[in-house]
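Please read this briefing alongside the sequence and the coordinates. It takes up helix packing, chain and domain contacts, and a few individual residues in turn.

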Amino acid sequence: MISARNPMQPGGWGRALETTGAWLLALLWILPLAYAFWTAFHPPEFSTRFELLAPLTLQNFANAWAAAPFARYFINTMVLVALILAAQLVLCTLAAYAFARYNFFGRDVLFMLVLVQLMVMPDVLIVENYRSMAALDLTDTILAIGLPYMASAFGIFLLRQTFKTVPRELDDAARVEGASSLQVLWKVYVPLARPVYVAFGLVSVSHHWNNFLWPLIVTNSVNSRPLTVGLQVFSSTDQGIDWSIITAATLMTSGPLLVAFLLFQRQFVQSFMRAGIR
Amino acid sequence: MNRASAHIHGWLLLLPAAVLLAAFTHFPAFATLWHSFLSTPKGARPAVWVGLDNYQGMLEDPVFWQVLGNNLWFALGTIPASIALALLMAVWVNGKLAGRGFLRMAYFTPTVLPMIAVANIWLFFYTPTYGLLEQVTGTLGLPSHNWLGSQSTALACLIVVTIWKEAGFFMIFYLAALQSISPSLAEAAAIEGAGRWYYFRRVLFPLLMPTTLFVLVNAVINSFRLVDHIVVMTRGGPDNASALLLFYIYEVAFKYWDSAYASALTMVLLALLGAAALLQFAFLEKRTHYQ
């Protein structure tokens with residue numbers, strides 16, 4: 001007899017207990033964020049006083065916005081994220097296509113060399129990469145923040161796996177029609193890999209929106225600082241201990257990502273899943 | 001397409017990515033090794049070959065041993081806890097519990113937030129006298145404690161933040177794996193009279209083994225890579241009690257400007273990451289579902 005319900009789901013008391021546990025953990029997990037919302041939307045005197053009827057205000061956001069060049073930081077971050085993603089999409093697509101469908105000299109050795117980056121990430125090579133950027137006279141530019149990440153081993157790997165699943169017949173058919181290699185890539189492979197591109201894009205954007213240490217090192221002016229570094233400069237020097245303003249700034253910097261996540265939750269979760277399954 | 005043009009096409013397609021990878025991954029890795037054998041150039045004095053002096057100095061540097069020990073504790077504190085929590089979350093979210101959408105959202109949200117931003121929020125939690133944690137312990141009548149300012153608790157505070165940030169991320173991989181497991185297995189187990197715990201231990205957990213290894217390697221890498229929250233919350237203090245290896249490298253390189261010593265330290269970090277890579281290679285090569 002086959003039942004629709006999974007028999008290994010808890011029932012009765014066990015179920016109630018597990019539901020309670022799951023909810024308690026979820027509330028604990030959301031607590032820091034909920035708390036940040038409370039502080040940011042209430043006047044400073046309520047930052048540790050929890051009264052249901054405390055007046056709501058947007059003043060903290062206005063103060064934070066006025067206290068530091070956040071508009072510029074936002075633009076920098078958006079340019080950075082777009083630059084990295086655009087470069088990654090082009091470079092990784094071309095490289096993945098080569099690895100998936102070309103039999104060229106040294107392919108397997110080169111692929112291993114690409115995979116090295118999965119372990120030796122630019123994040124840990126800060127000393128030498130800073131030296132390189134200084135030698136190229138690129139320090140304190142958005143390009144310098146993005147350059148080490150543009151050839152992503154992760155992206156190449158992900159797209160290579162996907163391109164390998166494209167049936168050879170489609171490839172051959174397109175070539176019989178007279179399409180060139182790049183036309184085949186553009187007309188056959190790229191459209192079929194669309195979900196993977198979406199997944200990679202979301203992971204890349206959220207990763208680089210949040211990246212901190214390397215931008216902190218390689219930038220030193222408002223002109224190139226991304227939001228994360230701007231937030232750190234703002235909260236460590238300018239504000240002393242005005243928590244309301246700091247939490248408002250904090251929510252502001254994570255805002256676009258948070259809103260995008262809440263709106264496209266399913267896509268986010270599925271993208272991270274897809275990107276993680278190797 | 002003839003063979004020669006296949007070679008040329010392949011190389012041309014790969015070239016742009018290869019150039020950038022070589023310039024910002026392979027070259028810096030070798031340059032790190034090279035510079036770790038030189039002295040730090042100071043003023044008009046250029047770098048000279050000093051052999052293993054930097055490494056000698058490293059072995060005699062008590063701070064190096066301290067941050068290495070801290071990193072070990074950090075790894076031990078974050079990895080098992082975040083993996084166990086991730087698995088628990090995934091099992092719960094995969095089940096038909098009430099409010100599943102909210103649960104998934106709550107668990108996963110920390111992953112999409114910048115570490116630098118959440119560290120600011122947590123910083124306020126831990127703040128002396130009027131932070132949230134102090135208020136809670138205060139109402140319970142417990143003595144006041146400077147959580148981030150004392151050597152005994154600073155690292156633990158960072159571990160908690162890291163677990164909170166990572167668990168939801170790892171949950172996703174378990175969730176993906178759980179969803180790919182056929183429900184007929186649960187039915188077969190039920191017919192055989194297996195209990196829920198037995199089913200989890202003897203069927204689910206072995207099936208999730210490849211995922212666990214994948215998550216484990218990621219957790220190990222993260223334990224050496226995540227230092228953003230240190231910059232915000234403790235700056236490695238008090239007395240380096242909460243400094244990790246990468247944070248120490250950052251300090252040595254960009255606060256004391258001793259790039260040669262920072263290179264030697266980076267070599268240690270690279271060796272550790274390399275060991276993690278070998279571990280993954282050795283295990284994932286023979287990824288079997290059944291023991």
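In chain B, the axes of helix α3 (residues 62-94) and helix α7 (residues 154-179) come within 6 Å and cross at roughly 40 degrees, where axes are lines fitted to C-alpha atoms, for helices over the stretch in contact, and angles run from 0 to 180 degrees between N-to-C directions. The model is predicted, so local features need pLDDT of at least 70 and side-chain atom pairs count only at pLDDT 80 or more, whereas totals for chains, interfaces and linings use all residues. Residues are numbered from 1 along each chain as its sequence is written, while chains are lettered from A and ligands numbered from 1 in the order in which they are written.

- The angle makes α3(B) oblique to α7(B), since angles under 35 degrees count as roughly parallel, over 145 as roughly antiparallel, 65 to 115 as roughly perpendicular and the rest as oblique.
- α3(B) passes α7(B) in a right-handed crossing, a crossing being left-handed if the near helix is turned anticlockwise from the far one by less than a right angle, and right-handed if clockwise.
- The contact of α3(B) with α7(B) involves 19 nonpolar, 8 polar and 1 charged residues; Ala, Val, Leu, Ile, Met, Phe, Trp, Tyr, Cys and Pro count as nonpolar, Asp, Glu, Lys and Arg as charged, and the others, Gly among them, as polar.
- In chain A, helix α3 (residues 70-101) and helix α10 (residues 194-210) pack at an angle of about 145 degrees with their axes 10 Å apart, and the crossing of α3(A) and α10(A) is right-handed.
- Among the residues making that contact are Leu80(A), Ile84(A) and Gln88(A) of α3(A), together with Tyr197(A), Val205(A) and Trp209(A) of α10(A); by class, the contact of α3(A) with α10(A) divides into 8 nonpolar, 5 polar and no charged residues.
- Helices (H or I, at least four residues) and strands (E, at least two) are DSSP runs, numbered from the N terminus.

**Chain and domain contacts**

- Between the chains, 80 residues of chain B are in contact with 78 residues of chain A, contact meaning that the C-beta atoms of two residues, placed from the backbone, lie within 7 Å.
- Helix α1 (residues 3-35) of chain B supplies the largest share of the side of chain B that touches chain A, with 18 residues, and that side divides into 59 nonpolar, 15 polar and 6 charged residues.
- The domain assignment of chain A gives domain 1 (18-57) and domain 2 (64-276), with bounds that come from an automatic or database domain assignment.
- The centres of these two domains of chain A, taken over C-alpha atoms, are separated by 33 Å, and 6 residues of domain 1 are in contact with 7 residues of domain 2.

**Individual residues and burial**

- Asp137(A), in the loop between α5 (126-135) and α6 (142-146) of chain A, has a positive phi near 60 degrees and is exposed, with 9 other C-beta atoms within 10 Å.
- Asn240(B), in the loop between α11 (228-233) and α12 (245-254) of chain B, has a positive phi near 65 degrees but counts as buried, with 21 C-beta neighbours inside 10 Å.
- A residue is buried if 20 or more other C-beta atoms lie within 10 Å of its own, exposed if 12 or fewer, and partly exposed in between, with C-beta atoms placed from the backbone.
- α12(B) is mostly covered, with 9 of its 10 residues buried, including Phe247(B), Tyr250(B) and Glu251(B).
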